[in-house]
Every structure is written in C-alpha cells, then in structure tokens.
Amino acid sequence: MKSHVFGAVSGLALVASSAAYAGPEAEVLHWWTSGGEAKSVAVLQEEFAANGGSWTDMPVAGGGGDAAMTALRARVLSGNAPTAVQLKGPAIQEWYEEGVLADISAVAEAEGWADVLPASIAGHMMCEGTWCAAPVNVHRVDWIWANADVLEANGIAMPSSWDEFNAAAQKLQAAGIIPLAHGGQAWQDATVFEAVALGILGADGFHKAFVELDEATLKSDGMKSVFDQMRTLRGFVDPNFPGRDWNLATAMVMNGEAAFQIMGDWAKGEFLAAGKAPGEDFLCASTPGDGFLYNVDSFAMFAVDGSDKMAGQQLLAKLIVGKNFQKVFNLNKGSIPARVDVALDEFDSCAHLSASDMAASNEGGSLLPSYAHGMALRGAQAGAITDVVTAHFNSDMSSEDAVQQLATAVANSM
Amino acid sequence: MTKWLEDHLPKLMLAPSFVAVLVFVYGFIAWTAWVSLTRSRLLPKYEIEGLIQYERLFASPRWDTALNNLYIFGALFIVIAMALGLLMAILLDQNIRTEGAIRTIYLYPMALSMIVTGTAWKWILNPGLGLEAMVKGWGFERFSFNWIVDPDMAIYTVVIAALWQSSGFVMALFLAGLRSVDGEIIKAAQVDGIPTWRIYTAIIIPSMAPIFLSAFIVLAHLAIKSFDLVIALTGGGPGFATDLPATYMYAMAFSRGDIGQAASSAMVMMAVVFAIVVPYLYSELRSQKDD
C-alpha cells in the first residue's frame, strides 16, 4: 500500500515537473572564483541566459578544487548531482566508473566536436565511446618564461637544449642573477620535473612513463638523467624558495631578480596584468625538447532528472564548445581554445606559438597530457610520483635511489 | 510521578547528547574502520578487502616521515611547553608588581588562531625576509637561521611556533595550580627553614599532579590534531618534510581521492592517541582513587 502511495506521489511530481517546464536549467559547480577566472565564467553565464536558460551558480573556492570535490562528493552521495562540474583528465573517467555521468553524444555529434578537437584531447572527453564532458581551454604546461632585458644584458638566447640552459644559468649565476625562479611547492616541483622529463625522455618515453606507468621506463637510465637534471636545477634556484607561491616566482622574473621560470601559461596572465608585453619585456618559449604538455579544463556532465535540466545540460555543452565562448574565455584566462578552428587574431604571440605547436604536436603524436596537473594519471598515482619528485628535489637523494623509489611508489599506489 | 521524574530526569537530560556522541563519535569511528578495510577511492565502497590499505600505508615513505614528525613534534612540544609554562608560572608567582599585565601578554598568543600564528612565523623565519635578513642587515653577515627551508630542521620550526602559541596557556593553567596550593603548608615549611626551591620541588609541584594531567591532555590533543599550523607555516614542505599524520590524511582524502588510504591513516592516528593517553589516564585515575 505504502509503495502505491509513493508511486502515485512521484508520478504526480513527474507530471508537475514537466508541466512546470520553464526552459533550460543548469547548476554549475566550479572553482573559478578569482578575478580573471570569475570574469571568464560570467561570459558563459551571460551567453546561457541569452539563450533562454536559467543558471544556478555554485562556486566553491579553496584548495585548488579540493573543496569543490568535497562538495561534489556530498551532492552525488545524496543523489542530487549538479548539472555540470569543472573536472578534468582521468577524474572524469573516475566519476564515470561511479556511474553518475550523463551521455551528451547527441550534442557532440550535432556540433561535430570530433572534427574540431585534437584527437588526444577529445579522448579525455569520452567515457567508453560516448561523450561525457566538454573541454573549455588548453593550457600549455611546458613553457619557459624569461626576462628579455636580463637575457640581453648577459648575451643569452632562449635555450633550445638543457645543456644550453645549464650553460646560460651558470653565466647568470656568475653575474649575480638567480637563474631560475621557482616556488618550492610539490606541484611546482612536479611541473618543472615533467618539463625536464619531456625534454630528456622524448614524447614516447614520457608517454610510457607517465601515462602507461611502464616500470622499465620509470627505472631507466633516461629517468636517472631526468633526476640528474633536477639536481642541477636545484643549484640554480635561490636558497629561499621553499613554500613560495608561483606568482611570486613570476614576479621575480618580471623585476629582473631572476632570469627564467618554468611554469604553465597562467604565468602569462601575471606578466600581462603587470603591463608587460610579450616579445619585448618577457619572452616565452617551450622548454627544451619536442612535444606539448596540455592541461585541459573541462566540464563533466552529470546525470540529472527532468527535461528542463537535461535541456540545460545540452545547451551548456553546446555553448562551452561554441566558438564565441572558446575565444572570449581563453582571452581572459591566458590559455588557447580547445577547438582548432577559432580565429586567433586577438590573441598574443605566445598564444599563437602555443596554437601552432599544438597543431604540430597533434600531427607528430607528441601532444601529451600533463601528469603534474592531473591530466595523465589518477590522483593516487600522480600523487605518488610527486611525492618522490619533491622528496628528491628537497634533499640530497641520489638519482639511483629516486628512480627506485619512483617505481616502488607507483606500484604501491595501485 | 514526581518521584519517577526525580529518578530519571538526569538520564533523560543526558540521553540526547549520549545518542549524539554514540552516532557521531563512535558510529563514525566504526564507519572509518570499515572503510579502511576496503578499496575505496573517490567514493566510499563497502566490500571488505582486508588489510591492503594498511600495507600501502606502511610502505609509503611519506607516511613514515609524517609519523616520525608526529613523535618529534609531539614529544618536544609537550615537554617544552610544560617546562616553559611551569617556569613562567613560578617566576610570575613571586608576588611581582605587574603580574596582571605580564600574564595577559603571555596569554595573548592563545587568542590568535593557528593560521595567523603560522603565517606570522612563516615570515619571521623566512631567511630572505625575517630574522636572518634582519640580523644580516645589522652587519652580522655570517648569521644564518634557515631552519624553515632545511628539510632536516623544518619540523623544529613548527615546534617553535606551536610553543609560542601555547606556552602562555600552560602558564595560566599552572599559575592557577600554584595558587590553589594551601598557603598554610608553605608557611609552615618556610618557618622550618626549608629553601624555596625545595618547597617547590617537594611540596607545591607534587600537589599539582591533576594540573599536569590537564595540561598534558590539552597539549597532547593539540599536537596530534595539529594541521592548520603546518599548512600555514610550511605547507608540509620543503618537499613533505613537515607532513604530519593529519595533513597526510587530508591529502589522501581530499586531494587524491584515496578515501581508503585516508581512513587507514586515521585509524593509525587514533591508535597512537589511545596508546599514549589511555595508560596515562588509567594510572592517574587509579592513583587518585587510592588517595
């Protein structure tokens, strides 16, 4: 009897909800709450409203997304997931395995996403063959930034190999300039590490080590050279680096205290915000070696009930990958559009370099996910690698011990 | 009816909080113990897999560091805070004129949150900004105090900041204890010509045993749950040299989506607390009964 009543009530509720269809609805969980990022999200919000949708904003700041993930966990466990959530990389697949993601293949196919997104980036947006997420941007991680005046004054060109970099750094050190501005936080150590690894191991080696977690590659002599180079770099940072935030390191390059910084292209935003011009005040180049490490932000679509929410989800997905949003958002954020057919006239020279390198790497098979920014591996494995990298960088551990620990830590994290 | 109420009112009054503690403390301890036996990743799963999470935990060098740091930090923090607190309390107890003002000054750090303490000490200890830069600026070029950027020494900076924060509070506890000692006994001892230090070591301090217990319990739980201080002061760094079990657990549960691992580390933390606090409580409570 009870179940009959319940059935009748939920039936009524269904009728009521479809009768009250008020247009597309979307609740969006994200952690883009700081100045430029908030502005970028507002663009999407306006566009969504202009298409008749009603947007419920759910910003959860703090901990680089940790707080938002905790909120998401609570929402999913209570059976009331948000429409779309800022998620990236293998985390999308992890949530898919929990059985809570929606299928948005209809929109993706109608909009022809497969033709406009680079194949390896599109791969992150698919869950067992169906589309389940929409990409927002492409950050390049393997950048090296430099103070143009400092390089010129010391007669140094942007280095194209790690040996050149080391030679330049020694010259700078002799001249009393800090060669490498670095912040000693685990994720920054990991960022430098993967740039070095890409240069030394090459695209194939990088893929084997940080995507396939191949034990032989993790223990290889190549990996030892990577750790050797990390030890060399340790000598090029100032003694005061532990705990420093990345933007303070960028400021050191800006004011000429330091010459180089290895950091993703969010650093460009700092330079631009300080009124510096790319090519004149600061220089950008890929770190020595071939390849392109990407960090792609995306929105994963969660399974929701009700036609208005589903319509909102479809509309949202369409707008996110739409040309206008991809352009405006990325102009604000310093990254480049994920779709390759957006006109880049309004973008700066570093973004042009990024876009042309992305296209070239895509063809050459060296367009790779960043491990340090959670694109290549799941949290537990990526964290295990970072633990070893940061322990090595902050101690006098030998490269032999480091590769041994790396292999053990990865095995232990499974 | 009144009689029944009289008999049962205390129980009725306590029932809600009893139920709350049962569910929210012991219930969740049981839940955590269960989850620590599973392979939970992003979301909790409930199929028991055995002790795999504990094996992973004890194979992790980072957990090793965290647990060692807890021992170093806990031991130094508790011992030094009690010693300093007792010393300051005894000095303040000498009937000095500005006692009120000095007591307030020493107690003030307790009014700050650990985050503020951590951030302030981060700047004070930073070699390029704080103490070292200042002394070098005075002309002592070879002065060096770079513990906070030295992986082997960084944990001691956490001890320094925690001591600065908590010693004043321990002092206040001990001061209250000193004042509660019967003045007649002290006077009698003075009449007998016993030196002051003997009065303290033989009469006053032994009679303050319950205060030592309270101070120990307060400091021990501050040490074990220490989290915000490390996050603000060193962020667990350099590397993970200043990780504590609490920061390890946070990283696993909230940054890495490894709930099973976080649960097993929480269980080990609880075991450490029990191992230290239970025997102490037991011996203290029993000796009180004997009196």
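Two strands are said to pair if DSSP finds at least two bridges between them. Helices (H or I, at least four residues) and strands (E, at least two) are DSSP runs, numbered from the N terminus. The model is predicted: local features need pLDDT of at least 70, side-chain atom pairs count only at pLDDT 80 or more, and totals for chains, interfaces and linings use all residues. Residues are numbered from 1 along each chain as its sequence is written, while chains are lettered from A and ligands numbered from 1 in the order in which they are written.

In chain A, strand 8 (residues 143-147) is joined by five bridges to strand 11 (residues 282-286), antiparallel to it; here A146(A) lies opposite L283(A). Strand 8 of chain A also pairs in the antiparallel sense with strand 10 (residues 258-262) of chain A, over three bridges, and W145(A) has Q261(A) as its bridge partner there.

A residue counts as buried if 20 or more other C-beta atoms, placed from the backbone, lie within 10 Å of its own. By this criterion five of the five residues of strand 8 of chain A are buried.

The contact between the chains (C-beta atoms, placed from the backbone, within 7 Å) takes 26 residues from chain B and 26 residues from chain A. Helix 2 (52-59), helix 3 (61-92) and helix 12 (245-255) of chain B each supply at least two residues of the side of chain B that touches chain A.

Definitions and conventions
Buried ≥ 20, exposed ≤ 12 C-beta atoms within 10 Å, placed from the backbone. Contact = placed C-beta atoms within 7 Å.
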